[in-house]
Amino acid sequence: MQNESRKQWLSYLATADENYLISLWDNLNMKIEYNWLREPEIGSIMVQGKAGATGDNFNVGEVTITRCSLNLDKKIQGHGYVQGRNKYKSKIAALCDALMQTEKKEIIKRNIIDKLIKYKNNKRNEILSKTEATKVDFFTLVRGEDK
Amino acid sequence: MYVSVKGGEKAINNAHSWLSEIRRGDVNIAELNIKQISEQLTLSVDRVMSEGSLYDKDLSALAIKQSRGDLIEAIFLMRAYRTTLPRIGSSKPIETSKMLCLRRISATFKDIPGKQKLGPTFDYTHRLLNFKLLADGEYEKAKIEKYDDKEIPHVLSFLNKEGLIQKEIPSGKTSKDITRNPINFPLTRSERLQSLSRGDEGFLLGLAYSTQRGYARNHAFVGELRTGYVEVQFEIPELGIEINIADVMFTECESVNQFKGSKKIPAQFTRGYGLVFGQLERKAISMALVDRSMRWKEFGEEYLGVAAQDEEFVISHCDNIQATGFLEHIKLPHYVDFQAELDLVRKIREEYNKNEQRI
């Protein structure tokens, strides 16, 4: 299976702004039949850091996660692992994951995944360009005794 | 004989009703909503996530609202909620060198690849009350400039290349999760770092300050301080695929301390490390200084008998929920304990009085 691209869409779904993802999905107005393998549940994962950024791992703290799994038929399963505590977001992520493995792939990619990528890139650009504006330009004054 | 005391139920219920009313405040003034708190009191929200040890902005804002802005009470609520969550797993260790930085400064080197970037900081403000905020909702817009989207390497990695600073290499020691296992001293550094990261900002600030004033010979520089978003990677158990499951804001501080060398190690610089959720740089710097002072054994330094070197003292007292739990419980009824003490004191006095009369 195309693990790299699945990794990519799962990542964008997981970290999507929940209201944005929900509005994208609701606008598609798709009626999808599915069965729950695991109904949405809220939990946490422990985030690990590294001592001194490169040394031993240590536990920093937890982040809330919601997950669920479903199938469209016997063959196609979707998993919705997402940041936060929104069960509907998790379900949408699982449905999108499943549909990305079907002939509906193009619809989901164009109307959801690509838009999530664009949204996140915009956010990133916004931060980078604001950060850049606060860059310090040092200049040294020539002191009298150096003459 | 122990006589249990019942009652107070009505008083408690009525006290909580009044709490609810007073939390709301004057009803002629618009009610705060959770989004207002999470968008406009961001640093309170960050502190509650960091010390509550759970990254979730909405929950943190809710806790702040519920606690009437008492942040330790809010942290308590977060911790209590945290214990109800099933633990789905553990992330891969985060790569802070890949951080999307809002801020990145070094107090040790002026010219660094990636440059000094101040970000949204209180530094260099005049600390004068801004009465404009009282009057209207006006604000300045952030400026923007063209940028290079390059990775920003850690400043201390340059000292590393010259061998001038102690390297941080994985020791291979296994560490326990202190939220799941009882603490046994001595601790590994990883266990200490976990405690410090969720420790009380005020307590760590005080201890870090004590090291600067001479209680532990540590003159620290801020080698690097950065704040920004880091991708948290997690392997989906059903698929074996690692995904970016969460974007989390961190502040990271690497302190640089001079070190004269010991029997074990030649003269070089050493490091302390701070890593916390959110934009909490006072806490991150404090954490780095306290981490460094507790590493005296590792570097073969002298133990000066000061608080910041004593890991048992620091770690046992840095958790504000443990501390406040024990401290505040003494205001709850201790009638039976105190009755016993009262009886004892009366009895001793009786005997004393009898002896006095005999003389």
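A residue is taken as buried if 20 or more other C-beta atoms lie within 10 Å of its own, as exposed if 12 or fewer do, and as partly exposed in between, the C-beta atoms being placed from the backbone. By this criterion 35% of the 359 residues of chain B count as buried, and for chain A the share is 43% of 147 residues. The structure is a predicted model, in which local features need pLDDT of at least 70 and side-chain atom pairs count only at pLDDT 80 or more, whereas totals for chains, interfaces and linings use all residues. Residues are numbered from 1 along each chain as its sequence is written, and chains are lettered from A and ligands numbered from 1 in the order in which they are written.

Chain A contains 4 helices and 3 strands, where helices (H or I, at least four residues) and strands (E, at least two) are DSSP runs numbered from the N terminus. Read from the N terminus, the elements of chain A follow the order α-α-β-β-β-α-α. The C-alpha trace of chain A extends over about 85 × 35 × 30 Å along its principal axes. The radius of gyration of chain A is 22 Å, whereas a compact globule of 147 residues would have a value near 15 Å; the quantity is taken over C-alpha atoms, and the globule rule is 2.2 Å times the number of residues to the power 0.38. Two residues are in contact if their C-beta atoms, placed from the backbone, lie within 7 Å, and among the contacts in chain A with a separation of 6 or more, 51% join residues 24 or more positions apart.

In chain B the secondary structure amounts to 13 helices and 6 strands, and the C-alpha trace spans about 85 × 65 × 55 Å along its principal axes. Residues 24 or more positions apart provide 66% of the contacts in chain B with a separation of 6 or more.

Helix H8 (residues 189-197) of chain B packs against helix H10 (residues 281-293) of chain B at an angle of about 150°, with the axes 10 Å apart; axes are lines fitted to C-alpha atoms, for helices over the stretch in contact, and angles run from 0 to 180 degrees between N-to-C directions. H8(B) and H10(B) are therefore roughly antiparallel to each other, given that angles under 35 degrees count as roughly parallel, over 145 as roughly antiparallel, 65 to 115 as roughly perpendicular and the rest as oblique. The contact is formed by B:Arg192, B:Leu193, B:Leu196 and B:Ser197 of H8(B) together with B:Met287, B:Val290 and B:Asp291 of H10(B).

Helix H9 (residues 201-212) of chain B packs with H10(B) at about 55°, the axes lying 8 Å apart, which makes H9(B) oblique to H10(B). Among the residues of this contact are B:Leu204, B:Leu205 and B:Ala208 of H9(B) and B:Ile285, B:Leu289 and B:Val290 of H10(B).

Between the chains, 66 residues of chain B are in contact with 51 residues of chain A. At least two residues of the side of chain B that touches chain A are supplied by each of several elements, including H8, strand E2 (87-93) and strand E4 (220-236), while the largest share, 10 residues, comes from E5(B). By class, this side of chain B has 29 nonpolar, 15 polar and 22 charged residues, where Ala, Val, Leu, Ile, Met, Phe, Trp, Tyr, Cys and Pro count as nonpolar, Asp, Glu, Lys and Arg as charged, and the others, Gly among them, as polar.
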